[in-house]
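Subject: Structure handover

Hello,

Here is the structure for your use. My notes on what was found in it follow below.

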Amino acid sequence: GRCRAPPSPTLPRPRLPTTKLAAMATTQHKLTRTHARTCRAAQTTTSRRGAHMRREATNSTKMQALVPMRREDFAEILNQQVTPDMPLVYLDNAATSQKPACVIDAVRNYYTHDNSNVHRGVHTLSARATDAFEEARASVARLINASTPSEVVWTRNASEAINLVALTYGASQLKEGDAIVLSVAEHHSNIVPWQLLAQKNGVELRYARLDADERVDEDHVAELMEDGKVKLVAIAHVSNVLGSTLDVPFVVDLCRKHGAKLLLDACQSVPHMPIDVQSLGADFVVASGHKMCAPTGTGFLWAKYETLDELMPPLYGGGEMIEDVSTTCSTYAKPPLKFEAGTPAIGEMIGLGRAAEYLMELDMREIHAYECELGAYLYERLAADVPNIRLYGPSPAAARASGSHASGLDRAALCAFTHPAAHANDLSTLLDSMSGIAIRSGHHCTQPLHKEALGVLGTARASLYFYNSPEEVDFFVKELNKVIDFFEEVAV
């Protein structure tokens, strides 16, 4: 499709932790002084930086063959300047991806040509809208290789999908004395719903720790399941902070051995690697559309049709999800409509379907291969060329050496880090204000991971997608060193 892109959401500006630094970052005049002092700091460290620059030239030559995929489809938003004379470098893809023009066009086409409610009319617009809406479901089913589109339930996001499982399957199938295994690395969306369930029906929550490489310790998962009380394991396929990939076959074997169900939070895997739910072995898979080139407010739950039909009662009542209604009782539609009460986000789901088609056109194997190389390059550049940086999660080499697969487990194309010179929010603020680089800072919705496992309040995170380039990685590393130099100078 023709490529247009919408403006990205406005991100809240983090507040600097000290009065002195806040004063320096709140006005353009003082930011200009900051830029000047940063340049002076860079001049005082020429010898240290010289070695880094020579290494950067070597690395850039090595990465010349790595070309971003279909960057032109995102040209309007990625080619803008958010800081004067500095191009936007968008490295916040783990939070949300940009949207290709074909997705924007699909949404626009619905609203300008087919706008009508679905499943409820026999006129032409309603029929076209219904066809597009259900074709989108079929596209997502093809992307993840579901056996039928009826196994794909539309949700607003992965958070709602997990809550749906907790409030239907969890509430009806789990009881006091049963246990659920999570990990300390989970997103809040995969912790809070289970805490709410535990408060209602008394199930026990158990948390797997990290191993020495800062991966989820699958051996500890096995220990937590030994007493036979665990009925559900709910865990991230790929960590949004550590970049580590779960050894799914190992965990699937554990679940089958102990008669437990497995829910995979696939928000950081579905957009980045091939996913085949029929061979994966999980019982529930959830993902958010906005991280996979689709509009916000979209997501899905996948489960086997028999699970949706027999083990999960309806959660919401209303239109769409009924078969027959009388004043005394109601009967319900079959999955997936059974879980989709009311008018859905029709245009947005059509956009999700087009995003799924777009990713398949690019080929998820090609996306994954590209991101593995670029992600390893990001990690290696930060480790080699940013003195005193602390990177979290396994190195690419450690990731490849882990897991039950002969090929190991690839590290995701993201890096969370801290530096003793400055708080993560300060690094992120000045990278944006001075260099036009967008990274994320904070706890990334993983407070237990940061506070209890890593011992820090927050991290900075750079995360890549298939439209990012090695040159952007080089620019990020160079500008990060400048910002660190500034903070080290003002601390003297």
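The buried residues of helix 17 are covered by elements that include strand 16 (440–442) and strand 17 (459–463). Contact here means heavy atoms within 4.5 Å. Helices (H or I, at least four residues) and strands (E, at least two) are DSSP runs, numbered from the N terminus. The buried residues in question, in a helix that spans 447–454, are Pro448, Leu449, His450 and Leu454. Buried means under 20% relative accessible area, exposed over 50%, and partly exposed in between (1.4 Å probe, protein chains only). Gly455 follows helix 17 and has a positive phi, near 75°.

On provenance: this is a predicted model, in which local features need pLDDT of at least 70 and side-chain atom pairs count only at pLDDT 80 or more, while totals for chains, interfaces and linings use all residues. Residues are numbered from 1 along each chain as its sequence is written, and side-chain values use heavy atoms, with hydrogens and water left out.

Overall, the chain has 18 helices and 17 strands. Of its 492 residues, 56% are buried. Taking contacts between residues at least 6 apart in sequence, 74% join residues at least 24 apart.

Lys99 sits in the loop between strand 3 (89–90) and helix 5. Lys99 counts as buried because its relative accessibility is 11%. Its C-alpha is separated by 8.3 Å from that of His290, 191 residues apart along the chain.

- The peptide bond from Pro335 to Pro336 is cis, with omega near 5°. Pro336 lies in the loop between strand 12 (330–332) and helix 13.
- Asp85, not a glycine, has a positive phi near 65°. Asp85 is in the loop between strand 1 (81–83) and strand 2 (86–87), and is exposed, with a relative accessible area of 71%.
- Glu320 also is not a glycine, and has a positive phi of about 75°. Glu320 is in the loop between helix 12 (305–310) and strand 11 (322–325), and is buried at 13%.

There are three cavities of 30 Å³ or more. On a 1 Å grid over the protein atoms alone, a cavity is a set of points where a 1.4 Å probe fits but cannot get out, and lining residues have an atom within 4 Å of a point. Grid points are joined across faces, edges and corners, and a volume is the space filled by probe spheres set on the points. The largest cavity holds about 80 Å³. Its lining includes Glu186, Arg215, Glu218, His237 and Leu246. The lining residues divide into five nonpolar, four polar and three charged (Ala, Val, Leu, Ile, Met, Phe, Trp, Tyr, Cys and Pro count as nonpolar; Asp, Glu, Lys and Arg as charged; the others, Gly among them, as polar).

Finally, the cysteines. The structure holds zero disulfides, a disulfide being a pair of cysteine sulfur atoms within 2.5 Å. Cys255 is buried at 0% relative accessibility, and Cys372 is partly exposed at 22%.

Regards

Note on methods:
On a 1 Å grid over the protein atoms alone, a cavity is a set of points where a 1.4 Å probe fits but cannot get out, and a pocket is an open set with protein on both sides within 12 Å along at least five of seven lines; lining residues have an atom within 4 Å of a point.
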